[in-house]
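Hello,

Here is the structure I promised to pass on. My notes on the sheet and the ligand follow below it.

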Amino acid sequence: MIDVIIAGAGPTGVFLASELQLQGVEALVLDKEDEPTKVVRGLGLHARSIEILDQRGIADEFLELGTQYPLAGFFAGIIKPQPQGLDTTHPYVLGIPQTTTERLLTQHALELGVEIRRGTEVTGVSQDEDNVEVMLDGGTRLRSQYLVGCDGGRSTVRRQLGVGFPGEPSGRDHLMGEMELTADPAEVAAVVAEVRETHKDFGAGPPVDGVYRVLVPAAEVAEDRTAPPALEELKAQLVRLAGTDFGAHSARWLSRFGDATRLADTYRTARVFLAGDAAHVHPPFGGQGLNLGIQDAFNLGWKLAAQVNGWAPPGLLDSYEAERRPVAAQVLDNTRSRPSASVTTWAGTAA
Ligand SMILES: Cc1cc2nc3c(=O)[nH]c(=O)nc-3n(C[C@H](O)[C@H](O)[C@H](O)COP(=O)(O)OP(=O)(O)OC[C@H]3O[C@@H](n4cnc5c(N)ncnc54)[C@H](O)[C@@H]3O)c2cc1C
C-alpha cells in the first residue's frame with residue numbers, strides 16, 4: 001500500500017511530497033494534466049516561503065532566477081510603510097514567475113525520489129478506519145494510508161469528502177495573458193500610466209523579449225472560469241478602458257480569474273487532508289495563495305510523516321488545521337478589505 005497519495009502536482013502538492021519523502025515516507029503525486037501549465041499566475045515569493053526554501057537548502061536556485069524587491073504591502077488599497085527590523089535573513093519579496101517556482105519545486109521533488117504521475121485524474125475518494133481508496137479516471141483504484149487534496153480551488157477531493165467551502169463567489173473577473181503589442185513601447189507605457197490613475201487593476205507590464213503581461217478587468221463575471229478567454233475578448237476590454245488594444249497579437253497564453261473568497265470548513269476528514277487552494281481561495285491581489293500553500297505543506301509534511309513512521313504523539317496531526325486554518329482566515333479577511341478598483345501588485349503586472 002502507498003504511504004501517502006497527493007492529488008495535484010501544483011506547488012503545494014509537489015512541495016508536500018518532497019517534505020514527506022525527506023522523512024522516508026513514500027509520496028505518489030497524481031495530476032490530471034499531461035503537462036505543467038504554461039499560465040503564469042503568481043509572480044512573487046514572500047519572506048517566510050524563502051526562509052522555508054532556505055531551510056531545505058534550495059533557496060539559492062530561486063534567488064538566482066528571481067529579482068529582489070523591497071518589502072511593500074497594502075491594506076484596503078492603502079500602501080503601508082515598509083516594515084522595519086524584520087527578524088529574517090530574507091527581508092524582501094522575490095519576483096519570480098510561478099511557472100519557474102513550480103519547475104524548481106518539481107525538480108527538487110524528483111531529485112528526492114517522488115513519483116509524479118501526470119494525465120491521471122482523481123475522480124473519487126472513499127476511506128475506512130485503515131486506509132483510503134482513490135478512484136482514477138479509467139476505473140483504476142489505488143489504496144494508501146493517507147490522501148492529501150492539493151488539487152486547487154475546485155478540489156475534487158474536497159467535494160468528494162463533502163467538506164463545505166463557504167464564502168463569497170466571484171464578483172469581479174479579470175482577463176490576463178502574455179502577448180506581443182505592435183504599439184510603440186513609449187506609447188503603451190504612457191497610456192497604461194494614464195488608465196492606472198483610475199484603474200489600478202489595469203496593466204501591460206514592461207516587455208520581456210518583446211512579450212507583455214497584460215491585465216484588464218473583464219466586462220462580466222464568467223459562468224465558466226476554467227475556459228480561457230479569446231484574445232478578441234481581452235482586446236475589446238483594452239479598447240473599452242484604454243481606447244486602444246495596442247495591436248495585441250500572438251498571445252502565448254490567456255487566462256481568466258475571479259475574486260472568490262472561500263475557506264474549507266475543515267482541513268481534515270479522518271485520513272484525508274486538504275492543503276493549498278483546495279483549502280482556501282481569495283483574490284490574488286497581494287500574491288499570497290502560492291505562499292500559503294507552500295507553508296501549509298511545510299506544516300503538514302513532517303507531521304504526516306511522523307504519523308506514518310509511527311512516532312506522532314496524539315493530537316499532532318490535528319495541530320495542522322489548528323495552526324494553518326486561522327492563518328488562511330486572516331489572509332482571506334485581509335484580501336476582503338479592498339477598494340472597488342483594486343491595487344495591482346504581484347497578481348498582475350509590475351507596471
Ligand atoms: C492572477 C493570479 C496571480 C497570482 N499571484 C500570486 C502571487 O504572486 N503569489 C502567490 O503566492 N500566489 C499567487 N496566486 C495564487 C496561486 O496561483 C495559487 O494560490 C497557487 O497556484 C495554489 O497552488 P496549489 O498547488 O494549491 O493549487 P494549483 O496551483 O491550482 O494546483 C492544483 C493542481 O491540481 C491538479 N488537479 C486538479 N484537479 C485534479 C484532480 N481531480 N485529479 C488530479 N489532479 C488534479 C491541477 O491540474 C493542478 O496541477 C495568483 C493567482 C492568480 C489567479
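A word on terms before the sheet: helices (H or I, at least four residues) and strands (E, at least two) are DSSP runs, numbered from the N terminus, and two strands pair if DSSP finds at least two bridges between them. Please keep in mind that this is a predicted model, where local features need pLDDT of at least 70, side-chain atom pairs count only at pLDDT 80 or more, and totals for chains, interfaces and linings use all residues. Residues are numbered from 1 along each chain as its sequence is written, and side-chain values use heavy atoms, with hydrogens and water left out.

Four strands form an open sheet in the order S14-S15-S13-S16, with antiparallel pairing. Strands S14 (203-204) and S16 (248-257) are at the edges with a single partner strand each, so one side of each has no neighbour in the sheet. S14 is joined by two bridges to S15 (residues 212-217), and the two run antiparallel. There, glycine 203 sits opposite leucine 215 of S15.

Among the polar contacts (N or O atom pairs within 3.5 Å), a polar side-chain atom of aspartate 277 is 2.7 Å from a ligand oxygen, and a polar backbone atom of glycine 289 is 3.2 Å from a ligand nitrogen.

Best wishes

Terms used:
A polar contact is a pair of N or O atoms within 3.5 Å; within protein, one must be able to donate a hydrogen and the other to accept it, and residues adjacent in sequence count only if both atoms are side-chain atoms.
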